[in-house]
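User: Hello! I am new to this structure and would like a friendly walk through it, one question at a time. Could you show it to me?

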Amino acid sequence: MEDKKVLAGLTLKEIEEITDALKASKFRARQIHNWIYLKSASSIDEMTDLSVKFREELKQIAEVSKIKIHTKQTSVDGTIKYLLEFEDGEKAETVLMRFDNRANLTACVSSQVGCAVNCSFCATGKRGFIRNLTYKEIIEQVLTIQRDTGLKVTNVVFMGQGEPLLNLDNVLKAMEIFNENFQIGARRLTVSTSGIVPKIYELADIQMQSTLAISLHAPNHDIRSKLMKIEDKYPMPQLHKALKTYIEKTGRRITVEYLLIKDLNDTIESAKELVEYLKDLKCNINLIPYNPTAKNDYQRPSNNSIMRFKSLLEHSGKKVTVRLERGADIDAACGQLKGKVEG
Ligand code: SAH
Ligand code: SF4
């Protein structure tokens, strides 16, 4: 028998092709679309405003999803981390973060299985690149969260596993669907990149209106190339030029992410160099205290040193935040859950 069609991830037009084949009205397609994206149905049986007869017909040829939740961990702070299993058995993780403002629910999604960039501090990179996720697999991550919790995701950040700009077509298509089908505004989407310079120019050309976050993590070439091999391919001066162009063309402020590692990039000297590098870039700065993983020697700086670094940057007039640790008790830093499950 032919495989059943998966409804999750289809556009209204694609659902209409299914209802047409069943000789049902276009209104049925609209109802199914609402059940998938806004009411987070897990099964066709839940679509109670469709007649039982129509549901039976639909069930013969379609199903909601084929994604499985392999593992789920809930943190004391409410963060939920899922390891999802795709049809071919590959896995990737997705995290739901709730901040104090309960109306805001942020999904942190993966864009690839593994990652080719292989940064020295990151658990995902250690495994190398396995494959790109399709746009459907990306949006299924948000749908799975919605189905599992019954809650509506309001913000999406591409900060899970993988380098989104090395899977840009699928990421852009997923963003378009978040926008149109989930009704999540462009400004509530954030793409985080290790700095793939030619792709930053592409985003500038299409005038992306979502937030671009750049994982800078270092104030100069020597430190950055120790942390991120990508620095040798796209060194900081080239990256600076690309970011400046991006800001000019889109009119948008970017976010600079800076991982703080004890004695490596958290010194007064580093803060001064970073201020200099960022001085003509319209940006907010997000400091991320390093979350130790088992496989390297880096350490998290003391709170005093984090605060000292923060205030040195603030003197330059930029807005600086320190990323709250979410789900520390469930290893919710990038790539860590998958590492544990797969050893
Ligand atoms: N590949 C993209 C997006 C995914 S990584 C990028 O690198 O930007 C998402 C974020 O998690 C990055 O800013 C990365 O630096 C951070 N991260 C990775 N390992 C971490 C760790 N052990 N502790 C804290 N943050 C980490
Ligand atoms: Fe890839 Fe980002 Fe991890 Fe670097 S930090 S290895 S770019 S996922």
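User: In what sense do strand β5 and β6 pair, and over how many bridges?

Analyst: Happy to start there. Strands of a sheet pair through backbone hydrogen bonds, either parallel or antiparallel. Here strands are DSSP runs (E, at least two residues), as helices are (H or I, at least four), numbered from the N terminus, and two strands pair if DSSP finds at least two bridges between them. For strand β5 (residues 91–98) and β6, the sense is antiparallel, over four bridges.

User: Before we go on, what kind of model is this, and how are things numbered?

Analyst: This is a predicted model, in which local features need pLDDT of at least 70 and side-chain atom pairs count only at pLDDT 80 or more, while totals for chains, interfaces and linings use all residues; side-chain values use heavy atoms, with hydrogens and water left out. Chains are lettered from A and ligands numbered from 1 in the order in which they are written, and residues are numbered from 1 along each chain as its sequence is written.

User: Are the side chains of β6 buried or exposed?

Analyst: In a regular strand the side chains alternate between the two faces of the sheet. Leu 105 and Ala 107 point one way from β6, and Thr 106 and Cys 108 point the other way. With buried meaning under 20% relative accessible area, exposed over 50% and partly exposed in between (1.4 Å probe, protein chains only), these four are all buried.

User: What about β9: which residues cover its two sides, and which residue of β10 partners Phe 158?

Analyst: Strand β9 (residues 155–158) has Asn 155 and Val 157 on one side and Val 156 and Phe 158 on the other, all of them buried. Strand β10 (residues 189–193) pairs with β9 in the parallel sense over three bridges. In β10, the partner of Phe 158 is Val 191.

User: How many strands does the open sheet have, and which are the edge strands?

Analyst: The open sheet has 10 strands, in the order β3-β4-β5-β6-β9-β10-β11-β12-β13-β14, with mixed pairing. From one strand to the next, the twist averages 20°. Each edge strand pairs on one side only, and the two are β3 (68–74) and β14 (320–322).

User: Which residue of β4 is the bridge partner of Lys 72?

Analyst: At this end of the sheet, β3 and strand β4 (residues 80–85) pair in the antiparallel sense over six bridges. The partner of Lys 72 in β4 is Tyr 82.

User: How are helices α10 and α11 placed relative to each other?

Analyst: The axes of α10 (residues 268–278) and α11 (residues 303–314) come within 9 Å and cross at roughly 30°; axes are lines fitted to C-alpha atoms, for helices over the stretch in contact, and angles run from 0 to 180 degrees between N-to-C directions. Angles under 35 degrees count as roughly parallel, over 145 as roughly antiparallel, 65 to 115 as roughly perpendicular and the rest as oblique. So α10 and α11 are roughly parallel to each other.

User: Which residues of α6 meet α9?

Analyst: The axes of α6 (residues 197–205) and α9 (residues 236–250) come within 8 Å and cross at roughly 10°, and the two helices are therefore roughly parallel. Contact means heavy atoms within 4.5 Å. On the α9 side the residues include Leu 239, Ala 242 and Tyr 246, and on the α6 side they are Val 197, Ile 200, Tyr 201, Leu 203, Ala 204 and Asp 205.

User: How far apart in space are Lys 310 and Leu 287?

Analyst: Lys 310 has its place in helix α11. Leaving aside neighbours within four places in sequence, Lys 310 is in contact with Leu 287, Val 320, Thr 321 and Val 322. Lys 310 and Leu 287 are 23 residues apart in sequence, and their C-alpha to C-alpha distance is 7.7 Å.

User: Last one: is Gln 183 buried or exposed?

Analyst: Gln 183 is found in the loop between α5 (168–180) and β10. Its phi is positive, about 55°, although Gln 183 is not a glycine. With a relative accessible area of 59%, Gln 183 is exposed.
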